[in-house]
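Please examine the sequence and the three-dimensional structure shown below.

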Number of protein chains: 2
Amino acid sequence: MAEREEQQRKGISRRGLFGAAGAAVATGVAGYAAHSVIATPESQASDSSGPVEFHGPHQAGIVTPAQDRLHFATFDVTAGKRDALVSLLKEWTAAAALITAGRDIGQYGAVNGPGEAPPEDTGEAVGLPPARLTLTIGFGPSLFVDAKGNDRFGLADRRPAALADLPHFIGDTLDPARSGGDIAIQACSDDPQVAVHAIRNLARIGFGTTAVRYSQLGFGRTSSTSRAQTTPRNLFGFKDGTNNLKLEDTAKLEQQLWVQPGDGPDWMTGGSYLVARRIRMTIETWDRTSLSEQETIVGRGKGTGAPLGKADEFDPIDFEAKGADGEYKVAKDSHVRLAHPQFNNGAELLRRGYNFVDGSDGLGRLNAGLFFLAYQRDPRKQFIPIQQQLSRSDVMNEYIRHVGSGIFACPGGVQAGSFWGEKLFA
Amino acid sequence: MAEREEQQRKGISRRGLFGAAGAAVATGVAGYAAHSVIATPESQASDSSGPVEFHGPHQAGIVTPAQDRLHFATFDVTAGKRDALVSLLKEWTAAAALITAGRDIGQYGAVNGPGEAPPEDTGEAVGLPPARLTLTIGFGPSLFVDAKGNDRFGLADRRPAALADLPHFIGDTLDPARSGGDIAIQACSDDPQVAVHAIRNLARIGFGTTAVRYSQLGFGRTSSTSRAQTTPRNLFGFKDGTNNLKLEDTAKLEQQLWVQPGDGPDWMTGGSYLVARRIRMTIETWDRTSLSEQETIVGRGKGTGAPLGKADEFDPIDFEAKGADGEYKVAKDSHVRLAHPQFNNGAELLRRGYNFVDGSDGLGRLNAGLFFLAYQRDPRKQFIPIQQQLSRSDVMNEYIRHVGSGIFACPGGVQAGSFWGEKLFA
Ligand code: HEM
Ligand code: HEM
């Protein structure tokens, strides 16, 4: 542990070794170059290869302009008491700070003499840039009180009321193996190998204390979280993320996204609640639906993404406008109407989901869908009522099925010298 | 069918609509812009967004510099006779030519009046560039004679001897649901959404005639197929693809990769045989192995990728060199020795595999590995003997498990006006 921290402090570098800045030092181990040089990242650029700052008032990976790829995992704490959990969170935080900066976690080996110990970093991201990696942690209800009612870590009285157990929604067919988890880690990056590497190395550090409960790759983002981003398309072929909370909406973010002082326990101030839903999309059925039916269901045009009756994607939706047939142009049971703040007491979400295809389903169809991720200040006022309304009335339900679910309390940002969730244990 | 072909002929354009070259025409359908403009692709560039030519003497996607992402699927023909299969291959070929050029497959709708028909293209790649998409087809043994011994399509006597049933290899634990298939389609692209879109739309066109048997996403390439590419890393953290057949080895490709006149039935001339193996890697165990052990198993350094005892990745391997201890520097049972042409009667492979992570395995571990793809002139002289040797002696076997398998005859390239496998049915 002390040795690992020592190495982490040295700032073993992924960029430094192979990048232009690197002055790699070859050691005696055959063909092996030790990572002993501290990197001077040439840029903190916001381009798709640069690093995203890990430290700050809020966790990165929430309003960060949505990266292209996702590796999401939840973990169960399988052994150990409060102290072991705190140690793990410290180790994870140190590792997260390194890998988000594009560095490896410690050396390849050389702990007990060259080559005789397992490498500390698994190595598959060597030579790759930071690729805008962000790592975002959240704590699930079971970390506070587990299914058997045990307060394993002495945290029961620190559970925020907003970290509500999600109710059963109409149509839910949840797979327990793809739901829940004591801890969630969301890795987003523009390079999937970098995101995979991050989760894998955190899983490895956690080995003995935690086990991966489930893991989900997302190959393409389905949301924009900045006005500077173009809106991507989901697997129904529609632009997704148009009316999303965006990082530029700073005032609204305080109102809708970030937990404010007094909202609940102090340790969550500056944090946000994450709801994750694995939503299977029966794309084969959708693909046999007519274009006009598809557009009616969504409430937007497929090509432009504009609200029905409007021309441009970002035109405001006119919920009153009617066509010559006397019907609302944006139908009463359309997805965007049912999900819009005007019909949800002003509630909004920061959506940050990803498309997935996990092979095929044994019935000759692709196992495809949306791994829905949404951040918010209070799920009791945001995700839960919105989803209650959607699950009751959204015609889109004919084409989707919620098969996995999780809710997580994501604490505020990490300051240098602190660790993920420090205030929770204070 | 005639209508679809008519639309395909018109060259409905993905680039044309949203790219700079596009003069999109808005139709009456609310917010929907019809794709009625023929694209003039600005570039046939080899950059990661440009198109790769679909037509040519060989199929694209074999020596094409390996793209970053994979969507691979195999299909079973579930209904119809020879004619239906030929029609499908024609439709698939026309669609493949369009989407590899970055175009949509027909319009969003408007077949029987605006918006009343299902869109012909599923739409999720609208606005995306061609992203070097290649689509490569192969025919499995079961297309010629199925498991019950039926010659469903009158092809029994056209089966090449080189399309051998793969023998059982020591350690094989194959899942039938992830093995075999009448037809395989490999979609490679630098954008996963483009690769997913391609397989999905081909699956959709095949609906009623074929069913997806299995589908596999690969998030990162594990091979280079050109000397212009840097060597990527597999999930053991090692450079993979160093000693691979490369597109620049033109003389060797004739000898090792492309089926030559006289090798077997004419219809395979200019083609190649694909072996696909889903190889699960128990990365958690590997990660607990010391660096020197890992390097001994592979026979190369982890940092540099150089052969043990050498300094540079591309230095030739010295299989005779011994260390001070009298042992071979590149161990007798190392992977690179056992797989090297010198110990396999000169046999080589063009490897084109991808890393995968398909969630977790229910035991707290990532379900991760290598989706191994290798092209060759004759599997009886190449993949089969090499894998027999590896399965017997490779120490790496302690850390890997072959769980899926397939072999496919990939015919020569498609000429404009022809279709995938035309000569097979001639
Ligand atoms: C597979 C499932 C889903 C699909 C395909 C889908 C698709 C879409 C699309 C195409 C839009 C319009 C573009 C935009 O403004 O982003 C949209 C908007 C929206 N969706 Fe969904 N969605 C899904 C599930 C959900 C769920 C589960 C929720 C929350 C419970 C949700 C909440 C919203 C919200 C709040 C909006 C913005 C509405 C507005 O203010 O205009 N969606 N969705
Ligand atoms: C998960 C399984 C595998 C892993 C992790 C793996 C990894 C590697 C690595 C790291 C190299 C050295 C770099 C290079 O020259 O590309 C290599 C070389 C090679 N591998 Fe594998 N490999 C695997 C399976 C296979 C299989 C199944 C075959 C064929 C039956 C194979 C055939 C080869 C060949 C022909 C070479 C080049 C040897 C030479 O000529 O130097 N590999 N592999």
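Predicted model: local features only at pLDDT ≥ 70, side-chain atom pairs only at ≥ 80, totals over all residues.

Residues are numbered from 1 along each chain as its sequence is written, chains are lettered from A and ligands numbered from 1 in the order in which they are written, and side-chain values use heavy atoms, without hydrogens and water.

**Ligand 1**

There are 29 residues around ligand 1, each with a heavy atom within 4 Å of it. A:Gly241, A:Asn243, A:His335, A:His340 and A:Arg351 come nearest. By class, the shell has 17 nonpolar, eight polar and four charged residues; Gly is counted as polar, and Asp, Glu, Lys and Arg as charged. α10(A) supplies the largest share, four residues. Helices here are DSSP runs of H or I with at least four residues, and strands are runs of E with at least two.

The table lists polar contacts, that is, pairs of N or O atoms within 3.5 Å.

| Residue | Polar atom in | Distance to an oxygen atom of ligand 1 |
|---|---|---|
| A:Thr242 | backbone | 3.0 Å |
| A:Asn243 | backbone | 2.8 Å |
| A:Arg351 | side chain | 2.9 Å |

**Helix α3 of chain B**

Helix α3(B) comprises 19 residues, 82-100, and should span 27 Å at 1.5 Å a residue, the expected span being 1.5 Å times one less than the number of residues. Its end C-alpha atoms are 26 Å apart, which agrees. Among its buried residues are B:Leu85, B:Trp92 and B:Ile99; buried means under 20% relative accessible area, with a 1.4 Å probe and protein chains only. Just after α3(B), B:Gly102 takes a positive phi of about 85°.

Terms used. Polar contact = N/O pair within 3.5 Å; in protein donor to acceptor, adjacent residues only side chain to side chain. Buried < 20%, exposed > 50% of the residue type's maximum accessible area, 1.4 Å probe, protein only.
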